[in-house]
Structures are given as structure tokens and as C-alpha cells.
Amino acid sequence: AGQRGAGSVRKSLLVQLFDSYVGLVLQVISGAIIARLLTPAEVGVFAVAAVLVAMASQFRDFGLGEYIIQAEHLTERRIRAALAVNITVSWFMATVLVGSSWAVADFYREPGVGQVMRLQAIGFLIVPFGAVTMAYFRRELAYKPIFIVGQCANLVSFSVAIGCALAGLGYLSMAWSSLAGLVVTVGGSVLYRPAGFPRLPSWKGAGEVVSFSKHAMGIYFVGQIGKGAPEAVIGRLMDMASVAFYSRANGLMEIFNRTVLRAALPICLPFFANEARAGRSTVPGYMSATQLLTGVGWPFFLVIGILAYSTIRLLYGPQWTQAVPLAQVLCVAAVIELPYWLTKEVLIAVGRIDRANLYQFQTQGIRLLGLLAGVPFGLEWACWGLCAAGVVAGWVSQRRLDKVIGLGVADLLRACRPSAVTALVAAAPIFLVSMAVPQGDGNYLWFLLLGGAVSAAAWLLALRLTRHLLWAEIGKLGSSLQARLRPAVR
């Protein structure tokens, strides 16, 4: 049973990774085009509005996905109650978004922020009719429908973004793109809804849903505040162009988030929850998952930090090079934070939703304080403030993990040691070359192509030499592909 479960998790992760990679390619292409069609100020307008909409989205989701995933027995009554609560909260938040949009626009001295908010509020009216079904797919690790729906949404979002930008719609291009993708996602979830799956809402059992979800909503809402605080604060204290430069720098972090974290996090929570329901310790699973994440993430952040100039120059053009030092500092912050990315997932999985809620308040409060301490001195110092906050938040995370699931510092260091060696080996060649030959307009493309290839080869060699868990997973994937291809060859 354990082997079947591991196989299911592995298959689901591969589907999610492929989904994320395809989505990332489309996002990078559209981002590169839009960065050349829109001004930094226009990009900044959408970035500020998107942060505020994302905060409202956490209220809208109300932790209902997590409720469905962790429920020991998912009955029809619970599904109907979750749908009823989701509709009520989503429609209420749509009203709040529209009603507050003019005041928010005045606060930021930018009418475009309010326009984007009102357009995005339309999605809040339709999202409940797909959210519960998609959460059910996640619970069952049934990622095929999620993959198909996701790819359709990605293609539509990409087409709408480019079309609207070429039509001269400015910052509204990205707002229309987001709404179009959401419409496709909801429509696809309805199409793939299992036979007999409840369709109508009911308030019977809603009290149980609210009791759980109010804590989960707090976790993700506070988390979104911490994530979106830089754009919101910079937009008020500086200007929209500064928001755009930070957003582009943070966009390099989003490459990792799209390719790895967005694929892994939806799977880790159900996996940890299954382990907890079976009465098994979540420590081994957390250690393995963290080694896999850092085995990819640490080399990525070190290499992308070194190649920040070349990457930004290629993706966004010469007008965005002010984002380079910001991206390098954010890479340092990401290295510090990555070992504790799964903390809230494991706390929720073991039923300590209250601890997970408190944990989010603590760590995001620390993040906000670090940002506010640095932003008066400029954008780069704001990023260094986030970096310092990551150190303090890591200490808080470690204490929480030790107390709740029994994960000690020595356990985490043992899990991360192979990843640290792998990251240093992968980044060393390109670091030495960049010290001897500075990156510039004449050679940035060669730096990316050759540097990326050399770093990837060094990374694979280091994975093998350190006997990293990721190397074993790559071997299993290779064997599986070989077994599938062998009959075709015959």
C-alpha cells in the first residue's frame, strides 16, 4: 500500500510539474512581450491591484480547499456545505472589491488600480462553482483533469494578454487575461465533475466548515499579506515604476514557484494528511520533501542570482536592468526561506490548524517589519530587510516544527546537507566565469546559454556524487520512461 501511495504521489507530481512547465513557458513569453509593450508605470498599476485582489482571494477561498482535503470522511453533506459557504463568501468579497475600489484608487493616486479591481471582481462571482470540484481532485491526487483544465486556461490567458496588449489596453490587458483564464478553469471543472458529485449548496453542516475554514483562511490571508506587502508598501511610499522594478525582480523567483512550488505544495498537503490519518510520523516525509525542494531550489537561486543581469536583459529588455540588484538580494532571501516552505502544510495536515494560524501571523509580521525597516532607504534596502526577516522567521519555523512534529535542527541539517553541496557545485563554474568576464549587452545571451548548460551538467554530477534523493527520483523516472518506450521499439 505504501508503494502504491508513493507511486501515486510521484505520478501526480510529474503531472503537476509538466503542467507548471508549460504554464511557465507561456508566462515567460507573454511577460517578455508585455514588458516591451507596456511602460513600467503601467506594469506597476496592475501589480498593486493584483496584490490587493490576491488578498481578497484568500478571504474568497476561505480555506475550503484545505477543509475538503483534510476531512477524514468527505460526505455529500460536507461538500454541499462547503459550496454554500464558498458562494456566500466569494460574492461578499466581490461586493467589497467593487465598493472599495474608488477609495483604494484615491489612496494610491492612480485610477487604474480601481479599474483593475472592479474587473477582477467579476471572477469572484463564478469561482465557487469550480473551486470545490478542483479541491476534490487534489484530495484524490487526480491531477489529470487539473492538468487539462490548467493547460486550456494557460493558453487562453496567454492569447488574451497578448491580444489586449497589442490592442493598446495597457494595464487592463493583464486583468482581462486573468479573468479569461478563470472562466476557462471554472468551465473545465464543471465539465470534468465526477458523476454524482453534489452540485447544489446546502447550509446543513456549514458550522463545521466555518469552524475549520476560519483558521485556514487566516493562515492564507496573512500569508498573502506577507507576499504582497512589498508591492503594496512600495506603491504607496514610492511610485508605480518602483513597484514594477520590484515585481520584475521578484518575477525571477516566480520561475521557481511556477515550476516547483506550485507543483509540489498541492501534493504535499494531501500526502502529509494521509500520513497523519494513518498514524505515521510526518517527519520523514518532511525531510524528504525538503531535500527534494532544496535540491532544485538552492542551485536555481544561486545560479539565477549570478545570471540576474543576463536573465532580466533577455526576458524584459534593457529598460528593466534596475531590477538586477533587487533580484540578487531576493535570491539570497529565497535560499534562507526554502527549508521552511512546507511548515504550514505539515501543521495543517496533523490537525494543528490553530498553530499554523499563529505561525503565519508571526512569520508574516516579521516579514512586514523587515520590509518597513528597509524601504525608507530605497528598493535594495527593502529587499535586504526581507532577507533579514527570513533569518528570524526561520528560527520561529524551526521552533514550531520541533514542538509540533518533533523535527530537530540536526534532522533538517542532515536533510539539507546534500542540497547545499549540490548548489555550490552547480553555481561555482558560472560564478568564476562572471568574476573574470562581466556580463553586458554584448555577451548576456552567451552567458545564459553556456552558463545554464554548464550549471545544469554540474548540478546533475553533484546530485549523483552526493547520492541526493533527487538523483534517485531521476533514475526512477528514467527507468519508467525506458520501460514505456521498450515495447514501442520492439
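Helices here are DSSP runs of H or I with at least four residues, strands are runs of E with at least two, and both are numbered from the N terminus. The model is predicted, so local features need pLDDT of at least 70 and side-chain atom pairs count only at pLDDT 80 or more, while totals for chains, interfaces and linings use all residues. Residues are numbered from 1 along each chain as its sequence is written, and side-chain values use heavy atoms, with hydrogens and water left out.

The protein chain has 19 helices and 0 strands. Of its 490 residues, 54% are buried, where buried means under 20% relative accessible area with a 1.4 Å probe, protein chains only. Contact means heavy atoms within 4.5 Å. Among contacts between residues at least 6 apart in sequence, 83% join residues at least 24 apart.

The buried residues of α6 are Pro128, Gly130, Val132, Thr133, Met134, Ala135, Phe137 and Arg139.

Helix α5 (residues 111-126) packs on α6 at about 60°, with the axes 5 Å apart. Axes are lines fitted to C-alpha atoms, for helices over the stretch in contact, and angles run from 0 to 180 degrees between N-to-C directions. The angle makes α5 oblique to α6; angles under 35 degrees count as roughly parallel, over 145 as roughly antiparallel, 65 to 115 as roughly perpendicular and the rest as oblique. Phe124, Leu125 and Ile126 of α5 meet Pro128, Phe129 and Gly130 of α6 in this contact.

Helix α4 (residues 76-108) also approaches α6 (residues 128-139): their axes come within 9 Å and cross at roughly 140°. That makes α4 oblique to α6. On the α4 side the contact involves Ile79, Ala82, Leu83, Asn86, Ile87, Ser90 and Trp91, and on the α6 side Pro128, Phe129, Ala131 and Val132. By class there are 9 nonpolar, 2 polar and no charged residues. Ala, Val, Leu, Ile, Met, Phe, Trp, Tyr, Cys and Pro count as nonpolar, Asp, Glu, Lys and Arg as charged, and the others, Gly among them, as polar.

Elsewhere, Ile430 lies in helix α17 (residues 409-436). Ile430 counts as buried because its relative accessibility is 5%. Leaving aside neighbours within four places in sequence, Ile430 contacts Ile306, Leu307, Phe447, Gly451 and Ser455.

Definitions and conventions
Buried means under 20% relative accessible area, exposed over 50%, partly exposed in between (1.4 Å probe, protein chains only).
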